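Welcome! Let's take a friendly tour of a protein model, one region at a time. Keep the 3D view open as you read.

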Amino acid sequence: MFQILVAIYGILIAAMVGCIGIILNSKAKNRQSMVRLVSMAIFTAASYTMSLLIPAGYQRLAILMNGLYFIGTDWLAMILMFFVADYTQSFLPTRMPRKLLVVLNIADTISLLVNTFTQHVFTMTRVTLSWAEYWQVQYQPMQYVHLALVYLMVGHCFGLLLYRLIKAPRIYKGKFGSIWFFLCVLIVLNLINVTLHTEFDYSVMIYSPFAMAMCYFVLYASPRNLLESMHSTLVEDSVIGLFVYDDDKRCVGVNRAAKEMFDVGDDEIYQVAEQYLEDWEKEYQGDLKDVMGAERQVVRNGETMYIYVNYQKLLDDKDRVLGSGFQFEDRTDVIKQYQDNKYKATHDALTGLLNRDAFEARVIEILEESDDTYYMMCSNIKDFKLINELCGSEVGDALLLAQAEVIRTDETGNSISTRLYADKFCTLLPKSEFDEETFKQNMNDIMDRVLSIPLKTHFYFGVYEIVDRTEPVWTMCDKAMMAIDIIRGSYEQFVNFYKEDLFQRVIREKEIIGEFDKAIENGEFHMFLQPQIANDGKLVGAEALVRWIHPGKGMISPAAFIPVLEKSGLIHKLDLYMWEKAAQQLQKWRREGRENLCISVNISTKDFYLIDIHEVFCELAKKYDFDTKNLKLEITESALMKDVRKIMKNMDDLHALGYDIEIDDFGSGYSSLGMLKDIHADILKIDMIFLQDTENVERSSTILKNVISMSKELGMPVITEGVETKEHVDFLRSAGCDMFQGFYFSKPINVENFEQEYFMQTGA
């Protein structure tokens, strides 16, 4: 019996040696701590086994070997505690407890080694039984200090494992439970041995099973079970649908995501899966590659789902087919997000029409693919800003949306629309689809439907027939917009077709604007004078008129550049230039003794808003030292009607400086008489066109005579311009006109010719 027990211990020790080989061949990250643990278990078990084999008469050797056994239990418990702390990831809070345990173990080791001679911890006596003879341990009080140290460390291991066993998820319980179970058995057997003083320490038998259990559960069973459990959880909870088939094409597995995608129950899903594989093979005529994928659209509950289907053959390590499977990835959100982003990148946020870039690309594509004749049609709304101010931006937006609906077309067709900006829209359409009356009716319907107030407004359309298909798209749109500019403000015409002379005019305007500053700098603008003659035939002064003498183009008519400068906001620069020229000339004449001559200069409407009129004329008088009465300031009647209060304030300031104000083009406005009662002017200037553009000459003559008479009663001298015949002169003299200006006396001439002709005649 005794020999059998020793043999069992030997076999268990050999098994633990085998475990070390297994551990060293593994790739576990904690294999080094496991090797230390099993090695110490081998040392402890071997020491105890050898102590049993010590023959009679060798008590001290028996005490030494048993002391080594107890030393082994110390270090085995400490290594086990460190291993469990690492394995459960429940590390000791500081390094101090580890060092303290090492110090205590060293102290206990020294005590047990010294015990070989002192026997203060334990002693051994020879026991003879009928079936065995061996050395038996007799505990001394110090032995319980050793046991307390060991149980403290083992108890700590027990607590760590129990805590992790309770807190860990279900799939991790096997990882900690197996070690905890064998530790419980070890503790129970050891307590039985200590308490009952059994012949042998049977707990040593647990060392080998404990080591082998750790190898199995830590290295193999726990990871495999965990992996299988995770695989099961991942497959079932995956958002990717799965169909799995065996080599006979029978469906053997379906997860929850696949059931939801195909919207069938548990009883039908396997049939659906097998039918899906059959349909897949038919679609690809049985030519199935190892891996293949395709996009699919599925309608579920009235909504389109976008699914990416991946088919894959399942192969073993020798490339033999085990089965096959489908993966169904729901890409609906991704596709819709992509479509939404693409839509936002190519469409106007308010109207949903194509934006500028997308419109340009589509126009180029249409013109390349079709041989039809096309129109580029642009539109905008008359008084759109006023609509926003009176009705609110919501009504303005509703108006834009309504217009967009009228011109909206299929984006894949041969006509296409865009919102350029604000109320500007542009449409490319075949010439055959253009119907002017239909457009007009549709737009009037929009106004009636959307506007809540009786505001009289309408749409303007500019149409350009595309001749050169390679022309830039935005040049086409610009040409259509040019056509709108011609009719802007008209209530009779709402559609206008582009003509080539419009483009040439725009080019000329850009040339004028581009050359203007340089022309001012180079002195290309010249002051011409048209004489003003008194009723008695004497020269009283002249009107300063500008002429542009271009070094390459020669004389450029004021009608060609003045409207352009007014439109572009540059007219004030030219006016400043001409005012200074007139002031310089008055200074020169004053020095020559001709202080009685006056020069009239024009003030444009925009001058009042772009410059400080009062400051400018104050500085001119100081700089050139002329009599301010000799520089007459002409303001058109239409300018006076723009902003009466502002103009009146400026006129009062100019009067304070000594300047006389002339009202130019009197009679051309619709409120001329009403204006005279509020505005104090010094001279009234009437154009003879008042008589020329009428068939009722007699009635016009009567009105003109009364205007002259009324002007005199208001203390305002009258000068009539545009006088071309002797009959004009005779009539005006008889009507009491004070001064005349026109071609009958002289056309505008340069200053040198003016002085030669009039100063020579007067002998001055």
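Which residue in β20 does K685 stand opposite? The residue facing K685 is I719. Before we go on, please remember that this is a predicted model. We begin around that strand, then turn to another sheet, and finish with the nonpolar cores.

**Around strand β20**

- Strand β20 covers residues 718–721, and both of its faces are covered.
- On one side of β20 you will find V718 and T720, on the other I719 and E721, and all four of these residues are buried.
- Strand β19 (residues 683–687) runs parallel to β20, and four bridges join the two.
- β20 also pairs with strand β21 (residues 739–741), again in the parallel sense, over three bridges.
- Between them, β20, helix α26 (residues 726–735) and β21 make up a right-handed β-α-β unit.

**An open sheet of five strands**

- As background, the strands of a sheet pair through backbone hydrogen bonds, and they can do so parallel or antiparallel.
- Here, five strands form an open sheet in the order β9-β10-β8-β11-β12, and the pairing is mixed.
- β9 (416–421) and β12 (495–497) are at the edges with a single partner strand each, so one side of each has no neighbour in the sheet.
- From one strand to the next, the twist averages 20°.
- Strand β11 (residues 459–465) and β12 run parallel and are joined by three bridges.
- Within this pair, G462 stands opposite N496 of β12.

**Helices on the sheet**

- Helix α13 (residues 393–407) lies across β8 (374–381), β9, β10 (424–430) and β11.
- The direction of α13 is at about 5° to β10.
- Helix α15 (residues 473–487) packs on the sheet too, where it touches β8, β9, β10, β11 and β12.
- The direction of α15 makes about 130° with that of β11.

**The nonpolar cores**

- The largest nonpolar core contains 72 residues, and L574 and F617 have the most contacts inside it.
- Helix α18 (residues 571–591) gives the most to this core, contributing nine residues.
- If we leave aside neighbours within four places in sequence, F617 is in contact with W579, I603, L631, L633, L654, L657 and Y659.
- Another core lies apart from the largest one and has 56 residues, including A41, A62, Y87 and F210.

Conventions: Residues numbered from 1 in each chain as written. Predicted model: local features only at pLDDT ≥ 70, side-chain atom pairs only at ≥ 80, totals over all residues. Heavy atoms only, no water. Core = buried A, V, L, I, M, F, W, Y, C linked by side-chain atoms within 4.5 Å. Buried < 20%, exposed > 50% of the residue type's maximum accessible area, 1.4 Å probe, protein only. Contact = heavy atoms within 4.5 Å. Pairing = 2+ DSSP bridges. Right-handed = clockwise from strand over helix to strand, strands pointing away. Axes fitted to C-alpha atoms, helices over the stretch in contact; angles between N-to-C directions.
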